Amino acid sequence: MLWSSSGMLSRLVLPSLMAVLFTGCGKSPESSRPAPVSATAPAQDAKPAPGAEQTAAAVAPSDASEAALNAALMELTQAVRKYSFEHQRVPKTVGEVVAAGYVKNMPQAPPGKKFEIDAKTVQVVLVNQ
């Protein structure tokens, strides 16, 4: 009797265990993708050419501002999604989210651009003014 129940147990546990192992950690493919590499960033192994120090110094602030802008977009998107979840609707403007207190420090959009909510993806994007 014990022998037959352990065989049944292995027939149930083994497939379940394999299913868990094959499904992975539950991350979506989008969240597990590596971050894109900037085409303007120098390779770590590459040595700069003579006189390239000025070029690298000029590129660094734009990379930093691009990173800050991406961080601001992610922060605003999280605030919009939280607002949407709690109010059961997508806000019409980013200003609505700010006025509701979901964003403490509103970041400045680059010149000629403004923050807008993409209602389909429920995320904040930059658009031309």
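Reader: In which helix is the place of Ser84?

Author: The place of Ser84 is in helix α2, where helices (H or I, at least four residues) and strands (E, at least two) are DSSP runs, numbered from the N terminus. Before going further, note that this is a predicted model, in which local features need pLDDT of at least 70 and side-chain atom pairs count only at pLDDT 80 or more, while totals for chains, interfaces and linings use all residues. Residues are numbered from 1 along each chain as its sequence is written, and side-chain values use heavy atoms, with hydrogens and water left out.

Reader: Is Ser84 buried or exposed, and with which residues is Ser84 in contact?

Author: Buried means under 20% relative accessible area and exposed over 50%, with partly exposed in between (1.4 Å probe, protein chains only). Ser84 has a relative accessible area of 12% and is therefore buried. Contact means heavy atoms within 4.5 Å, and, leaving aside neighbours within four places in sequence, Ser84 is in contact with Arg89, Val90, Pro91 and Val122.

Reader: How many helices and strands does the chain have, and what pattern do they follow along the sequence?

Author: The secondary structure comes to 3 helices and 2 strands, and read along the sequence they follow the pattern α-α-α-β-β. Of the 129 residues of the chain, 14% count as buried, and residues 24 or more positions apart account for 37% of the contacts with a separation of 6 or more.

Reader: Where is pLDDT lowest and where is it highest among the elements of the chain?

Author: The general idea is that pLDDT is the predictor's confidence in each residue, from 0 to 100. Here the chain averages a pLDDT of 74, and 53% of the residues score at least 70. Among the elements, helix α1 (residues 2-23) has the lowest mean pLDDT, 58, whereas β1 has the highest, 96. Over residues 29-46 pLDDT stays under 50, and for this stretch the model has 5 contacts beyond four places in sequence. Over residues 52-59 pLDDT again stays under 50, and there the model has 1 contact beyond four places in sequence.

Reader: Which residues have the most contacts inside the largest nonpolar core?

Author: A nonpolar core is a set of buried Ala, Val, Leu, Ile, Met, Phe, Trp, Tyr and Cys residues joined through side-chain atoms within 4.5 Å. The largest one in this model has 13 residues, and those with the most contacts inside it are Leu76, Val80, Val94, Val97, Phe115 and Val124. At least two residues of this core are supplied by each of α2 (52-87), α3 (94-99) and β1 (113-118), with the largest share, 5 residues, coming from α2. To follow one member, Val94 touches Leu76, Met106, Phe115, Glu116, Ile117 and Val124, not counting residues up to four places away in sequence.

Reader: How many aromatic pairs does the count come to?

Author: Rings of Phe, Tyr and Trp (its six-membered ring) pair if their centres lie within 6.5 Å; planes under 30 degrees apart count as stacked, over 60 as edge-to-face and the rest as tilted. By this rule the count comes to 1 aromatic pair. The rings of Tyr83 and Tyr102 have centres 5.4 Å apart and planes at 75 degrees, so the pair is edge-to-face. Because Tyr83 lies in helix α2 and Tyr102 in the loop between α3 and β1, the pair ties together parts that are 19 residues apart in sequence. Tyr83 counts as buried at 5% relative accessibility, whereas Tyr102 is partly exposed, with a relative accessible area of 22%.

Reader: How many salt bridges does a search of the whole structure find?

Author: A salt bridge is a side-chain nitrogen of Lys or Arg within 4 Å of a carboxyl oxygen of Asp or Glu, and the search finds 2 of them. In one, Arg89 pairs with Glu96, the closest N and O atoms being 2.3 Å apart; Arg89 counts as partly exposed at 38% relative accessibility. In the other, the side chains of Glu116 and Lys114 meet at 3.9 Å, N to O. Glu116 is partly exposed, with a relative accessible area of 36%, and Lys114 counts as partly exposed at 36% relative accessibility.
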